[in-house]
Amino acid sequence: MKRALPAAACLALLAAAPTPSRAATLTVGTSAEPSALDPHYHNLGPNTRARKHVFESLVSMDAKMRLQPELAESWRAVDETTWEFKLRKGVKFHDGTEFTAQDFVYTVCRIPNVANSPSSFTVYTKGIAGIEAPDPHTLVIKTGKPYPLLPVELSTFGIISAKAAGGEAVTFDKAGCKADSWPTTQAFNDGSLMIGTGPFKHKSYTKGDRQILERNPDYWGPQPAWDTVVFRPITSDGPRVAALLAGDVDMIESPPVQDIERLKSAPNVSLARAQSNRVIYLALGVQDTPPTITGTDGKNPLKDPKVRKALSLAVDRDAIVKRIMMGVAEPANQYLPAGFYGNNPEVTVATDANKAKQLLAEAGYPKGFQLTLGTPNDRYINDDKVAQAVAQMFTRIGVQTQVDATTANVFFSKRNKQEYSVFLAGWGADSGEMSSPLKALIATPVKEKGYGTTNYTSYSDPELDGMLDTALTTVDDAKREKLLQAAVKRAMDADIIIPLHYEVTVWAMKKGLSYEPRADQYTLAQKVTPAK
């Protein structure tokens, strides 16, 4: 039986080990596991990380979230509602079939037909009103109205093989594409439809243990450095660090903040870090019947804006960053950091416990109430510890709060059924701009518009929806940013989604490896290289 060595012993062994030469196999310890390998099942960070190795998009983003060609070599706006994409020629799926425009058509058709999707990618396809393919390597995409975000949103989902799924005859229909059947999520999980165009081929997957990938020798782009990549979910922080120090893995994501200084001093470990686009937030549910609030005679106090403001004022974000996140985060005052498109520099947040108590009294809750705060304990950096700190801050103003911390799979299942009145979660803006959190987290759920796909608060603000409608049909970038800045101001004033902090993402790896840190937090094996 293999036993974990004490950390000090691991450090000594690692220091004595020779610098690793280029290895054929890269083993990565991940902090979370995808909920499925189906690239269209769940719009969730670990899922997107997994799919980016096998399934590619028309457009991709680099480490700074700038758009880059991927399966489309170029694109242009023909007019305000027409876009033309020129597809890369000579690209093969892993089964040897050629990538063509039909694969994109089939993919867009399949996305709204994924059964039981907990967070659908329809938010990124709803703008498409028509698709034409004048030849196998040209796509003409029509939008119902000016849609400046189209290239950005096409970077968020992977393209599957129409032929492998039996979808060669499927045609796009805005009202709903027709097919005899649609691929099941299970067909991806068992590997039978893991047929993409990406730099790695899927080899095997054992849930809870590992996913093994093999280099795609026929990849159209640069060959990755690794013949084989093994992703091992090691969701507990300590064992993940121990696995690196013991040499069981070559690289880990999200080392616990309390170990970062120790890892920095380890002679054979290097770190990479970057401010992410991920905001950690509290969501306040305004359901008529609050599931995890007591002491209010069945009423939901969160329906009162004064109570929501009180909870926001109770949070000391600086203290969370300093004491819980140990500096590996930045306090958040909105849903994306400064510098990202749509950030409103005039939006601020405050901490004022006395004002919070006053607002609770004005709302009719001078003695507060009882609340259970839901959180995952293995998804975000120190997520359960942050939730415990928030609970203490809420309790300090009179809202007696306990924490329900569970694994991510359990948490998201309960969250998606609206079993929490308040929950802690995170959102990474795949588009790199403010419309992403506004559309997904706060907008009124409207399937046809792709709004509110992750709105589990029951909140609805038609005026905010209208502001988003206008912003998302404004092609002028400067005008659109002003509209988004106004929308985020209105959303922040409502205190439905209370931002806590932006994560700073850290990777730790054996010296001899190099990785460019990414704002989107994805760990991409094809970007891990032996250091030059």
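**View 1. The largest pocket has a volume of about 580 Å³.** The model shown here and in the other views is predicted. The lining of this pocket counts 25 residues. Nearest the centre lie Ser60, Glu70, Tyr219, Gln526 and Lys527. Two strands, β2 (59–61) and β3 (67–69), each give the lining at least two residues. By class, ten lining residues are nonpolar, seven are polar and eight are charged.

**View 2. The second largest pocket holds about 320 Å³ of space.** Here 18 residues form the lining. Look for Val152, Tyr341, Ser431, Glu433 and Arg480, which lie nearest the centre of this pocket. Twelve of the lining residues are nonpolar, two are polar and four are charged.

**View 3. Strand β7 spans residues 138–143 and is mostly covered.** Five of the six residues in β7 are buried. Two other strands, β5 and β6, pair with β7.

**View 4. Strand β5 (residues 82–87) pairs with β7 in the antiparallel sense.** Five bridges link β5 and β7. In one of these pairings, Phe85 has Leu139 of β7 as its bridge partner.

**View 5. Strands β6 and β7 form a hairpin.** Two residues sit between β6 and β7. Strand β6 covers residues 128–135 and runs antiparallel to β7. Five bridges join β6 to β7. Find Asp135 here: its bridge partner in β7 is Thr138.

Conventions:
Residues are numbered from 1 along each chain as its sequence is written. This is a predicted model: local features need pLDDT of at least 70, side-chain atom pairs count only at pLDDT 80 or more; totals for chains, interfaces and linings use all residues. Side-chain values use heavy atoms; hydrogens and water are left out. On a 1 Å grid over the protein atoms alone, a cavity is a set of points where a 1.4 Å probe fits but cannot get out, and a pocket is an open set with protein on both sides within 12 Å along at least five of seven lines; lining residues have an atom within 4 Å of a point. Grid points are joined across faces, edges and corners, and a volume is the space filled by probe spheres set on the points. Helices (H or I, at least four residues) and strands (E, at least two) are DSSP runs, numbered from the N terminus. Ala, Val, Leu, Ile, Met, Phe, Trp, Tyr, Cys and Pro count as nonpolar, Asp, Glu, Lys and Arg as charged, and the others, Gly among them, as polar. Buried means under 20% relative accessible area, exposed over 50%, partly exposed in between (1.4 Å probe, protein chains only). Two strands pair if DSSP finds at least two bridges between them.
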